[in-house]
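Subject: Structure handover

Hello,

Here is the structure I said I would pass on. Please open it and keep it beside this email while you read.

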Amino acid sequence: MSSDPGPPAIETPAPADDDVRWMRHALQLAARAEREHDEIPVGAVVLDAAGRVVGEGWNRNIGEHDPSAHAEIVALRQAGRALGNHRLVGCTLFVTLEPCTMCAMAMVHARLARVVFGAFDPKTGAAGSVFDVLADPRHNHRIAVTGGVLADEAGPMLRNYFRRKRGLPPG
C-alpha cells in the first residue's frame, strides 16, 4: 500500500504582507489577461532588490502566437530592459501559477534571488510539484521559493477560465 507523499517540499509559511500585496498585483494582471485578451489568466511582477517594480506581464502566448510568451518571460524581459542587464540579481518574481520548466530555467539564467507563486501546478510545475528546477543542486544558481501564496484565489481563477472554455459553469 503506497501512501500519498503529501504536498511538495516548498516553503509555505504564512505569507508576509509584502508577498500578499505583490501577489494581489500579479492576480490583477492575470485578470487583465483574461478580461482584455482572453489569455490564460497568469500574471507576473518582478521587483528589484530595493522593492521597486521593474517588470510585469501576463500570458501573451495565444495572442502573440509565441509559445515562450508566458507571464514570467514577459515580466523578465521587461525587467532586463529596465535594469539594462540580462542578470536580475537580487530580484524577486511573483507569479500566480507555479512556473513551468521553460520559465524556471529562464529564472535560473537570470539569477533571480526569489520566486513567489500562487497556485501549484501538479501537471507541469517546476518549482517543486513535478520538477524542482529552481533548487536543483546541479545548477550554479539556486532560487529561494515560496509557494501557495493566495493559491485559494489563483487556483480557482485558472480552473474557471478552463471551465468557461469548455462550456462548463464555474466550479
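A residue is called buried when its relative accessible area is under 20%. Ala126 has a relative accessible area of 0%, so Ala126 is buried. Please keep in mind throughout that this is a predicted model.

Ala126 and its surroundings

Ala126 sits in the loop between S4 and strand S5 (144-146). Leaving out residues up to four places away in sequence, Ala126 touches Glu98, Pro99, Cys100, Thr101, Ala104, Phe131, Asp132, Val133 and Leu134. Leu29 is 97 residues from Ala126 along the chain, and the C-alpha atoms of the two are separated by 22 Å.

Leu134 and the core

Leu134, one of the residues that Ala126 touches, is also among those with the most contacts inside the largest nonpolar core. With residues up to four places away in sequence not counted, Leu134 touches Ala104, Met107, Val108, Val115, Ala126, Ala127, His141, Arg142, Ile143 and Val145.

The cysteines

How many disulfides does a search of the whole structure find? The search finds 0. Cys100 is in no disulfide, and the nearest cysteine sulfur, that of Cys103, is 3.7 Å away. Cys100 counts as buried because its relative accessibility is 16%. Cys103 is buried too, with a relative accessible area of 0%.

Helix packing

Two packed helices are described by the angle between their axes and the distance between the axes. For H2 and H3, the axes come within 9 Å and cross at roughly 25 degrees. Angles under 35 degrees count as roughly parallel, so H2 is roughly parallel to H3. Their crossing is left-handed. On the H2 side the contact is made by Glu72, Ile73 and Leu76, and on the H3 side by Met102, Cys103, Ala106 and Met107.

H1 and H4 also pack together, at an angle of about 10 degrees and with their axes 11 Å apart. H1 and H4 are therefore roughly parallel to each other. Here Arg24, Leu27, Ala30, Ala31 and Glu34 in H1 meet Glu153, Ala154, Met157, Tyr161 and Arg164 in H4.

Two backbone angles to look at

Most residues other than glycine have a negative phi. Asp38 has a positive phi, near 50 degrees, and is not a glycine. Asp38 is placed in the loop between H1 and S1. With a relative accessible area of 31%, Asp38 is partly exposed.

His65, which is not a glycine either, has a positive phi near 50 degrees. His65 is found in the loop between strand S2 (53-58) and H2. Is His65 buried or exposed? At 71% relative accessibility, His65 counts as exposed.

Regards

How values were computed
Residues are numbered from 1 along each chain as its sequence is written. This is a predicted model: local features need pLDDT of at least 70, side-chain atom pairs count only at pLDDT 80 or more; totals for chains, interfaces and linings use all residues. Side-chain values use heavy atoms; hydrogens and water are left out. A nonpolar core is a set of buried Ala, Val, Leu, Ile, Met, Phe, Trp, Tyr and Cys residues joined through side-chain atoms within 4.5 Å. Buried means under 20% relative accessible area, exposed over 50%, partly exposed in between (1.4 Å probe, protein chains only). Contact means heavy atoms within 4.5 Å. A disulfide is a pair of cysteine sulfur atoms within 2.5 Å. Axes are lines fitted to C-alpha atoms, for helices over the stretch in contact, and angles run from 0 to 180 degrees between N-to-C directions. Helices (H or I, at least four residues) and strands (E, at least two) are DSSP runs, numbered from the N terminus. Angles under 35 degrees count as roughly parallel, over 145 as roughly antiparallel, 65 to 115 as roughly perpendicular and the rest as oblique. A crossing is left-handed if the near helix is turned anticlockwise from the far one by less than a right angle, and right-handed if clockwise.
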